[in-house]
Amino acid sequence: MEAAALALLVLGVLLAEPISRMLAAARWPARDPVGALLVWQAVGLAGGLALLGAGVVYGLSPLGDNLPSAVIGAVRATLDGTVLDQLGPTHLLALVGTLLLAARLLGVLGLTTVRTLRARRRHRDLLDVLGTPWPAVPGAHVLDHPLPVAYCLPGRRSRLVVSAGVLDVLEPPGVRAVLAHEHAHLRERHDLVVLPFVAWGATAPFVRGMVQAQLAVAALIEMRADDVAVSRVEPAELVEALRAVSGSAPAGVLSSFTTALDHRMSRIANPPPPLPFVVRVLIRVAAAALVIVPTVFLMVG
């Protein structure tokens, strides 16, 4: 089991740092955002399984030849009161470290989720007071504000928000483009896709690969929403809408945001060729395999 634990540790470190860095810098995700999002989710899940599994497998290795038998052995040793005698100091340290890491991961995820839900609830209550329901678009609210702003508030009682400035600045095709983009976020629950990566990045902000994962996933869900919108409106209409809404950004906005928006508009106006069908299938197979590998090590290592 020690060899399996080492393999899991190496896999987890590789996924958290160099592989995440390389995937964030790759160009092919822009040609297949859905496939790239699946790969990112596989990287996050496999990385968590590998890092936590490495500590568990090594910690319980004196109690069995594989994880299932070691767990059974741990239960028996605990009932007999001999578990501490059978586990050495390094094994106990590995188990304690794994427990602390798991608590950190789950704690940050839970705290991030609670804060997000509370902020959405407050925002939703405020919208119900300040916004005017838009009968033509169920679930949409119009804010009486001159700046062109559009966004969505996901959840069980989702909201799609546009300002009066959007309706003043954009022609009907541009408004349809904005609505199609935001509806894509709501329908595909992109908030649930990005939330684990926000927590992952906050868990270890000193690991650059984990922080880049959050930024890459955020960019990909915008690309995906753009692609859905372009399937319903003309590309030029979506570019015009993005340009109008981005004009409301406050002074001193981060240059990285401007660069990302410029890249999105360029991608919409000049879309990259989609990856060949076979390549897209292989990407999805690779994502599934990435999750299966640490699972196999956990079960048979």
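Which residues does Thr-98 touch, not counting residues up to four places away in sequence? The points below take up this question together with the wider architecture of the predicted model.

1. **Thr-98 and its contacts.** Leaving aside residues up to four places away in sequence, Thr-98 touches Leu-52, Gly-55 and Val-56. Thr-98 itself belongs to helix H5. Its relative accessibility is 11%, so Thr-98 counts as buried, the limit for that class being under 20%.

2. **Overall composition.** The chain contains 12 helices and 4 strands. Its C-alpha trace spans about 75 × 45 × 35 Å along the principal axes. Of the 301 residues in the chain, 41% are buried. Among contacts with a separation of 6 or more, 69% come from residues 24 or more positions apart.

3. **Order of the sheet.** The 4 strands form an open sheet, arranged E1-E2-E4-E3, with mixed pairing. Strand E1 (132-133) and strand E3 (150-153) are the edge strands, each of them pairing on one side only. As background, strands of a sheet pair through backbone hydrogen bonds, in either a parallel or an antiparallel sense.

4. **The parallel pair.** Strand E2 (residues 140-143) and strand E4 (residues 159-163) are joined by 4 bridges and pair in the parallel sense. Within this pairing, Ala-140 stands opposite Leu-160 of E4.

5. **The antiparallel pair and its hairpin.** Strands E3 and E4 run antiparallel and are joined by 4 bridges. Leu-153 has Arg-159 of E4 as its bridge partner. The hairpin of E3 and E4 has 5 residues between the strands, and in it Gly-155 adopts a positive phi near 135 degrees.

6. **Helix H5 against the sheet.** Helix H5 (residues 89-130), which also carries Thr-98, lies across E1, E2, E3 and E4. The direction of H5 is at about 120 degrees to E3.

7. **Crossing of H7 and H10.** Helix H7 (residues 172-187) and helix H10 (residues 235-246) have axes that come within 8 Å and cross at roughly 80 degrees. Because of this angle, H7 is roughly perpendicular to H10. On the H7 side, the contact is made by Pro-173, Gly-174, Ala-177 and Val-178; on the H10 side, by Glu-237, Leu-238, Ala-241 and Val-245. The residues of this contact comprise 6 nonpolar, 1 polar and 1 charged.

8. Leu-170 is placed in the loop between helix H6 (164-169) and H7. With a relative accessibility of 5%, Leu-170 counts as buried. Not counting residues up to four places away in sequence, Leu-170 touches Val-175, Val-178, Glu-240, Ala-241 and Ala-244. Val-178 and Ala-241 also take part in the contact of H7 with H10. From Leu-170 to Pro-148 the C-alpha distance is 8.8 Å, and the two are 22 residues apart in sequence.

9. A search of the whole structure finds 2 aromatic pairs. In the pair of Trp-40 and Phe-197, the ring centres are 6.3 Å apart and the planes lie at 85 degrees, so this pair is edge-to-face. It links distant parts of the chain, with Trp-40 in helix H2 and Phe-197 in helix H8 (residues 190-203), 157 residues apart. Trp-40 and Phe-197 are both buried.

10. Phe-197 and Trp-200 are separated by about one helical turn because they are 3 residues apart in helix H8. Both residues of this pair, Phe-197 and Trp-200, are buried. Through ring pairs, Trp-40, Phe-197 and Trp-200 are linked into a cluster.

11. **Asn-66.** Is Asn-66 buried or partly exposed? Its relative accessibility is 24%, so Asn-66 counts as partly exposed. Asn-66 is found in the loop between helix H2 (33-60) and helix H3 (67-80).

Methods:
Residues numbered from 1 in each chain as written. Predicted model: local features only at pLDDT ≥ 70, side-chain atom pairs only at ≥ 80, totals over all residues. Heavy atoms only, no water. Axes fitted to C-alpha atoms, helices over the stretch in contact; angles between N-to-C directions. Helix = DSSP H or I, 4+ residues; strand = E, 2+ residues; numbered from the N terminus. Parallel < 35°, antiparallel > 145°, perpendicular 65-115°, else oblique. Contact = heavy atoms within 4.5 Å. Nonpolar A, V, L, I, M, F, W, Y, C, P; charged D, E, K, R; others polar. Pairing = 2+ DSSP bridges. Buried < 20%, exposed > 50% of the residue type's maximum accessible area, 1.4 Å probe, protein only. Phe/Tyr/Trp six-rings, centres within 6.5 Å; stacked < 30°, edge-to-face > 60°.
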